[in-house]
Amino acid sequence: MNLLLSDPFALSQEYPENLTHTLNYGHSTCIKFNRKGDYLASGLIDGTVVVFDFETYGIARVLRGHTRSVQSLSWSRDGRYLLSSSRDWKCILWDLKDGSREKTVRFESAIWGAELHPFNHQIFIAALLDDSPTLVDFSDNTIRKHLLFSAPLQKDDEEEEDEGEDGDVRERKQDKQSTLVATFTQSGQYIFAGTSKGWLNVIDSETLQTVRSEKLTTSNIKHICFSVSGKQFLVNSSDRTIRLYNTPDLTYVDPVDWDIDVVHRFQDVVNRLQWNSVAFSSNGDYVLASTYQDAHDIYIWETTVGSLVKIIEAPREEIVDVQWDPNRTLVAATGLDHGTIYVWATVTPQRWSALAPDFVEVEENVEYEEREDEFDIIPDEVANKRKLDQEDDDEVDVVTIERVRGEFSEESFVIPVILEEDEETFDSSDSD
Amino acid sequence: MDKMDLDGPVESSGETTDSELPAHYGDSLHDISAPKSSVNGIQVVVATERTDLPKYVLQFVLEGHRAGVTNVKFSADGRWIATSSADKTIKIWHADNGEYESTIEGHGRGINDIAWSPDSNVLASASDDKTVRIWNVMSGRVLRTLRGHTNYAYSVDFNPKGNLIASGSFDESIKIWDVKKGVCLRTLPAHSDPVSAVHFTRDGTMIVSCSHDGQIRLWDTSTGQCLKTLIEDSNSPVSCVRFSPNGKYLLSGSLDSAVRLWDYLKGRCVKTYQGHRNEKFICVPTFSITRGVWVVSGSEDGRIFFWDVQTKEVVQVLDGHKDVVLAVDAHPTKNLLVSAGLDGVVKIWIER
């Protein structure tokens, strides 16, 4: 509701420029905002998952359960459940109402990352190190794992050619691929998986068949992420390029006819750096990426033209994981050396015209012209009566709740504040 | 500590009767308001021709406080009533039968305001001992003591998520506190006179505050910046302000015996409700929206006034308190009203 009274200039700031907060709780390795952007989950190097409340910048929940470093985090749609995957080969689904473990799933190998289904918190996809990517479904209280393929779907004409003596060669090429990253599309209908050979496999989440494969690059695909609206997606690969694609029409168009063409390629042509992590801005207009090693920077490109618009510098350390708040102009990033979380936001100065009802902001001096009746002396009763007569006889509606455009209106889970725990005495210095 | 329960024979004890109400009070109102009408030139008449008037009658009388009761609030889930008093205690009562539940003690001086958390488990209180305390209602234990104000704490409110508390104080500032850590996040240099009330919008993004300097100010919760200021021309101290249930309007009570409804986007007062007397004390006005939309306020002559939000007419007057009625509150879902004042007695009124 404060949007109605806010300064329009402040609201139009496209990207954050000022470092406003630094959060220190353990050594953070990965971070994720929930859908509303009011909570940030942070996975620590010792396996603890911490949920920060971004209204107070304090801690809302501390979740202990993993024994090794946290690899990835994924929120459920309503914000009540959090899925964390860790180097201890386990994925844990946490219920944030009380911080309890809703489900624990063990795997036979290390996990690259795990993502929850966008609508159903009981289904998730995990990309594993030595194994095929696995779709895990634990509705009905049983844990069912479905193995998916890393091998790309070959087109028909290619298959016919290779049936002969080249059959062996083809198989060997396929064996060597492993899926490094897998994520659901906006509706959850398909899974986009990226392999170590640069292929994008699109797998139908119901039939579990690969419906389309496209070779995007020759090197590892490290990240695939969708914009908040789902209309575009980014692919970060080891060839130091970030590719931006328009999402094809997934509902109405057949997979075979999808157009997966690069819209923009983002590279650092000067230093030829790798990119640690990528993210979209909240409105999809900007792309963020953090640089590898000594640069300590976050690059921001604009998506329509593809040009670099800003480089944000982090204070002391290399930035690993970068996230843009889905609803505000706010960027959070983790540092590599100390695991500090840095928060950049826009800072707007106080509008002084708000301090009195008749103050107005003007560009230049205005000559004041008195009203005719400026200095008339009116007895109190007459003045009051005149004021009361001026009041509208219009209907006032004090009950109906109207939605304000631009505000996040979906139901989002509020993590209950637990005040009784005496052990949670948090101080804002490092706790090792 | 004790309570008297009068639900059967209420009508015969002479407190209020609904059948007699309109004509009877219509006449007496003319008499009592005669001196007032010369002050602000308004004739106050109880609307008698309407059929949808509120018909509240006394249901329970809750006694036990040893000094005046400063504020009374229904819990968000509607099961409890909390009352704060100058006798340094908070008492918890059942909302459905008026039964006494417990007393919460710990403040060093009288308590000015209380606020329930959205989950109804936790209560915040602001006191003349300059602290705001957070209590667990069931156990009565103090969970956090928020220190920082340099003078009496006058008013307190939880935000809808329950993780922030705003408090207004005699030291002219508003402090926003982190509930979990119990520390002050921000101090707003709000007014140039004691801050008499603070209230959050239903989405927690704005805080409204009012003060004895006659100003009502709207603040952005996350940045702490002032978004808007409203002043009534007479500059009379504003004793209390709160948002309407949908957050689009502000209801303010000021010490010139008027309750005003403001549209803050337009920046002006759209309705004025008069007929009661309020010149010295903080009489908290509130909305009753469970059946019919009314504005309710206590008055310094011991009565409770109901106005129709649209027409500004007085639609009911309840008599029964012997001294200034300081606070009224409406139940979130049922047609219940609770009132309390300087006489130390709390009364529950029901409309069947």
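## Salt bridges and polar contacts across the interface

Between chain A and chain B of this predicted model, 2 salt bridges are found, a salt bridge being a side-chain nitrogen of Lys or Arg within 4 Å of a carboxyl oxygen of Asp or Glu. Glu55(A) is paired in this way with Lys161(B), with 3.5 Å between the closest N and O atoms.

Polar contacts link 15 residue pairs of chain A and chain B, both residues at pLDDT 80 or more. A polar contact is a pair of N or O atoms within 3.5 Å; within protein, one must be able to donate a hydrogen and the other to accept it, and residues adjacent in sequence count only if both atoms are side-chain atoms.

On the side of chain A that touches chain B, β5 (58–63) and α4 (380–390) of chain A each contribute at least two residues. Helices (H or I, at least four residues) and strands (E, at least two) are DSSP runs, numbered from the N terminus. This side of chain A comprises 22 nonpolar, 7 polar and 16 charged residues; Ala, Val, Leu, Ile, Met, Phe, Trp, Tyr, Cys and Pro count as nonpolar, Asp, Glu, Lys and Arg as charged, and the others, Gly among them, as polar.

## Extent of the interface

The contact (heavy atoms within 4.5 Å) involves 45 residues from chain A and 58 residues from chain B. About 4400 Å² is buried between the two chains, 52% of it from carbon and sulfur atoms; buried area is the accessible area (1.4 Å probe) that two parts lose on being put together, summed over both. Within chain A, the most area is lost to chain B by Met1(A), Val398(A) and Leu419(A), together 17% of what that side buries.

## Confidence

The model has ipTM 0.84 and pTM 0.84. Mean pLDDT, the predictor's confidence in each residue from 0 to 100, is 83 for chain A, where 91% of the residues score at least 70. Residues 156–174 of chain A fall below 50, and residues 422–432 of chain A stay under 50.

Chain B has a mean pLDDT of 83, with 86% of its residues at 70 or more. Where pLDDT is low, the predicted coordinates should not be read in detail.

## Conventions

Residues are numbered from 1 along each chain as its sequence is written, and chains are lettered from A and ligands numbered from 1 in the order in which they are written. Local features need pLDDT of at least 70, side-chain atom pairs count only at pLDDT 80 or more, and totals for chains, interfaces and linings use all residues, while side-chain values use heavy atoms, with hydrogens and water left out.
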